[in-house]
Amino acid sequence: MSAHSSAVRLRRAAVIGALCAGIAVTATGCAEKTDPDKGTNGVGKQTPEKIEGQAKAAAAAADSVHLSGNLVVGGKPFTLDLRLKADGGSGEVKSQADTFQVLRVGEQLYLKASAAFWGKSDSAGKLGDKYVKVPESDPTYKQFRGFTDMHVLLDGLLGLQGKLTKGGYTTVGHSRAVPVSADAGKGGKLMVSLEGTPYPLLMERAGGAGRVELSEWGKPFPLEAPAQDQTVDYGSQLPTTKDGTGGTGATGAATGGKGTGTGASPAPSKSAGTGGSGSTGGGSTGSGSTGQGSNPTGG
């Protein structure tokens, strides 16, 4: 064999060796890139039951959250945009008939709405676009407080009903997430963050009863009582409507209250034993005047 032939064969072997090494390195690199759990918090490796449990635990331990989306309560749609924390919350709640602002600082609750929201009260004209201080002794307090109670609201929302399964990884906004569904989505669907703390990022309620996004977990926000010149205080009880009747199902159904009556005004009822009726998510009837429930989700 000539020296030239030997040199050619050696170069050929070197090339083949380098090519094989390159293929091996490339294959390893591809395997790393397709690892779905690389860079995640690892929650996606858990069973769907454990994923749901970790998400609920993370929510329970959080200091604050921004909740936005829609709920269907008693067949009526409501749109929410709320910032909540342990000692209060603020934001907007819309129904087909009304839009109102809720604000709670500690145990003091305020409502702000148009004059029409307060119905035919003698004082309705003075209440429009003012924060009305709601006394704790008034039935309306328990009803509307639920919208500003972070953990009560989350407990009612974060519930899946049925056999759980997890799906392929996806994104919610800019965050990677793992979906957990109950009964193929019929019992609700929960998206849990794969980044950092496994917070719930999105909840689709069973039976199409709403879709709510959860964001800004742990982010601080200011929470202060409204200025005195923007506040109306009626003492121990809110105004009574002129005709002695009160709210429609818009307020009763929203807040999960229980009671009797069929008032015609969209305002919370202030008359004894009367008020609007409406069903909650759990199937019970709600009333603007004599409500006892405080969880708007009916959960």
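Visitor: Where is the place of Ala184?

Guide: Ala184 lies in the loop between β9 and β10. Keep in mind that we're looking at a predicted model.

Visitor: And what makes Ala184 count as exposed?

Guide: Exposed means over 50% relative accessible area. Ala184 comes in at 76%, so it counts as exposed. Its backbone has something to show too: Ala184 has a positive phi of about 55 degrees although it is not a glycine.

Visitor: Let's talk rings. How many aromatic pairs does a search of the whole structure find?

Guide: Four.

Visitor: Why is the pair of Phe100 and Phe144 called edge-to-face?

Guide: Rings pair if their centres lie within 6.5 Å, and planes over 60 degrees apart count as edge-to-face. For Phe100 and Phe144 the centres are 5.1 Å apart and the planes are at 80 degrees, so this pair is edge-to-face. The two partners come from distant parts of the chain, 44 residues apart: Phe100 is in strand β4 (residues 99-105) and Phe144 in helix α4 (residues 139-145). Both Phe100 and Phe144 are buried, and together with Phe147 they form one aromatic cluster.

Visitor: What makes the pair of Tyr199 and Trp217 stacked?

Guide: Stacked needs planes under 30 degrees apart. The rings of Tyr199 and Trp217 have their planes at 5 degrees and their centres 4.8 Å apart, so the pair is stacked. This one also links distant parts of the chain, 18 residues apart: Tyr199 in the loop between β10 and β11, Trp217 in the loop between β12 and β13.

Visitor: How do you know that the charged end of Lys85 sits over the ring of Phe221?

Guide: One part of the test is a distance: NZ of Lys has to be within 6 Å of the ring centre. The charged end of Lys85 is 4.7 Å from the centre of the Phe221 ring, and it does sit over that ring.

Visitor: Why do you say the buried residues of α5 line one face of the helix?

Guide: The buried residues of helix α5 (residues 150-157) are Met150, Leu153, Leu154, Gly156 and Leu157. Looking down the axis of α5, those residues fall within an arc of 160 degrees, so they line one face. They pack against α2, β1, β2, β11 and β12.

Visitor: What makes Asp81 partly exposed?

Guide: Its relative accessible area is 38%, and that lies between the 20% and 50% cut-offs. Asp81 is in strand β2. Beyond its neighbours within four places in sequence, Asp81 is in contact with His66, Leu67, Ser68, Ser90, Gly91 and Glu92.

Visitor: Last one: where does pLDDT stay under 50?

Guide: Residues 23-31 are one such stretch, and there the model has zero contacts beyond four places in sequence. Residues 241-293 also stay under 50, with 169 such contacts. For the protein, pLDDT averages 76, and 68% of the residues score at least 70.

Conventions
Residues numbered from 1 in each chain as written. Predicted model: local features only at pLDDT ≥ 70, side-chain atom pairs only at ≥ 80, totals over all residues. Heavy atoms only, no water. Phe/Tyr/Trp six-rings, centres within 6.5 Å; stacked < 30°, edge-to-face > 60°. Helix = DSSP H or I, 4+ residues; strand = E, 2+ residues; numbered from the N terminus. Buried < 20%, exposed > 50% of the residue type's maximum accessible area, 1.4 Å probe, protein only. Lys NZ or Arg CZ within 6 Å of the ring centre and 35° of its normal. pLDDT = per-residue confidence, 0-100. Contact = heavy atoms within 4.5 Å. Arc of directions from axis to C-beta.
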